[in-house]
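Me: I would like to learn how to read a few local features of a model, one at a time. Please give the general idea and then the case at hand.

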Amino acid sequence: MVKLHTNYGIITLELDAEKAPITVRNFLEYVNSGYYYKTIFHRVIDGFVIQGGGYNFSWGTVAMSSIAKMAPKTPNSPIKNEAANGLKNDKYTIAMARHSAPHSATSQFFINLKNNDSLNYTSSDKQGFGYCVFGKVVGGKEVVDTISKVPSGDRFGLENVPLEDVVLKKAEEVQ
C-alpha cells in the first residue's frame, strides 16, 4: 500500500506485486527514496487521467503559483513494460506513463478516470503494447475526482497542466 499525500487530500493505493513485480518494485524505489516529495500532478484531463511523478517546482522568492517554473526531475533508467499482465486500465487504476517506446516508463504514473480500453495491451508491437497497470485506488477516490475537476490548460510549455497547483506533498509506503 502507498499513500499519496496531496494538497487535496490522501489517495491510498493497493499495488499488485504479483502481476507487475518490476513495476511495483520501481514505483516503491521512487516512493521510498523521497523522489516524489513536492512533485506535481502536471497533467489533468477530466474524463481521462491525472498524471504525476515527473516534475517539481523550482521557485524564487514569491509563492509557487505566481513565479514557479515547472522543472523536470531526473528519473532512474526505464523499466520493462509489464502491460501484458492481464490488468486493465479501468477507472481508479494506476499505471505507468511512458514515451512512445513501449519500454520507456520511469517515474511518471497516471490514475485512470474512466475505463481507458485504448490504453490496454493488445499485442507486442509498438501500437498495441499498452500501459502497465500496477495497482488501484482503494481510498481517496473523492480526492482523485476533485483533482480531475481542476481547470487545466497550456502552462510551462505543456498542455493540460492544472491552472491551480496540484502538489504531491509526499508518498509513503504503508502496511
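Me: Where is Asn-160 found?
Reply: In this predicted model, Asn-160 is part of strand β10, which covers residues 158-162.

Me: What is phi of Asn-160 near?
Reply: The general idea comes before the case. Most residues other than glycine have a negative phi. Phi of Asn-160 is near 60 degrees, a positive value in a residue that is not glycine.

Me: Which other residue has a positive phi, near 55 degrees?
Reply: That is Lys-38, again a residue other than glycine. Lys-38 sits in the loop between α1 (21-33) and β3 (39-45).

Me: Is Asn-85 buried or exposed?
Reply: Buried means under 20%. Asn-85 has a relative accessible area of 15%, so it is buried. Its place is in the loop between β5 (69-72) and β6 (93-96).

Me: What does the side chain of Asn-85 reach, and what is Asn-85 in contact with beyond its neighbours within four places in sequence?
Reply: The side chain reaches the backbone nitrogen of Leu-87 at 2.8 Å. With those neighbours left aside, Asn-85 is in contact with Lys-19, Ala-20, Cys-132 and Val-133.

Me: Where is Asn-89, and what is its relative accessible area?
Reply: Asn-89 also belongs to the loop between β5 and β6. Its relative accessible area is 0%, which means that Asn-89 is buried. Leaving aside neighbours within four places in sequence, its contacts include Ala-95, Phe-110, Asn-112, Tyr-131 and Val-133.

Me: How far apart are the C-alpha atoms of Asn-89 and Glu-14?
Reply: They are separated by 15 Å, while the two residues are 75 apart along the chain.

Me: How much space lies in the largest pocket, and which residues lie nearest its centre?
Reply: The space is about 470 Å³. Of the 24 lining residues, His-42, Gln-51, Ala-97, Arg-98 and Gln-108 lie nearest the centre. The elements that each give two or more residues to this lining are β3, β4 (49-58) and β10.

Me: Which element gives the most to the lining of the largest pocket, and how do the lining residues divide?
Reply: β4 gives the most, with four residues. The lining of the largest pocket divides into twelve nonpolar, eight polar and four charged residues.

Notes:
Residues are numbered from 1 along each chain as its sequence is written. This is a predicted model: local features need pLDDT of at least 70, side-chain atom pairs count only at pLDDT 80 or more; totals for chains, interfaces and linings use all residues. Side-chain values use heavy atoms; hydrogens and water are left out. Buried means under 20% relative accessible area, exposed over 50%, partly exposed in between (1.4 Å probe, protein chains only). A polar contact is a pair of N or O atoms within 3.5 Å; within protein, one must be able to donate a hydrogen and the other to accept it, and residues adjacent in sequence count only if both atoms are side-chain atoms. Contact means heavy atoms within 4.5 Å. On a 1 Å grid over the protein atoms alone, a cavity is a set of points where a 1.4 Å probe fits but cannot get out, and a pocket is an open set with protein on both sides within 12 Å along at least five of seven lines; lining residues have an atom within 4 Å of a point. Grid points are joined across faces, edges and corners, and a volume is the space filled by probe spheres set on the points. Ala, Val, Leu, Ile, Met, Phe, Trp, Tyr, Cys and Pro count as nonpolar, Asp, Glu, Lys and Arg as charged, and the others, Gly among them, as polar.
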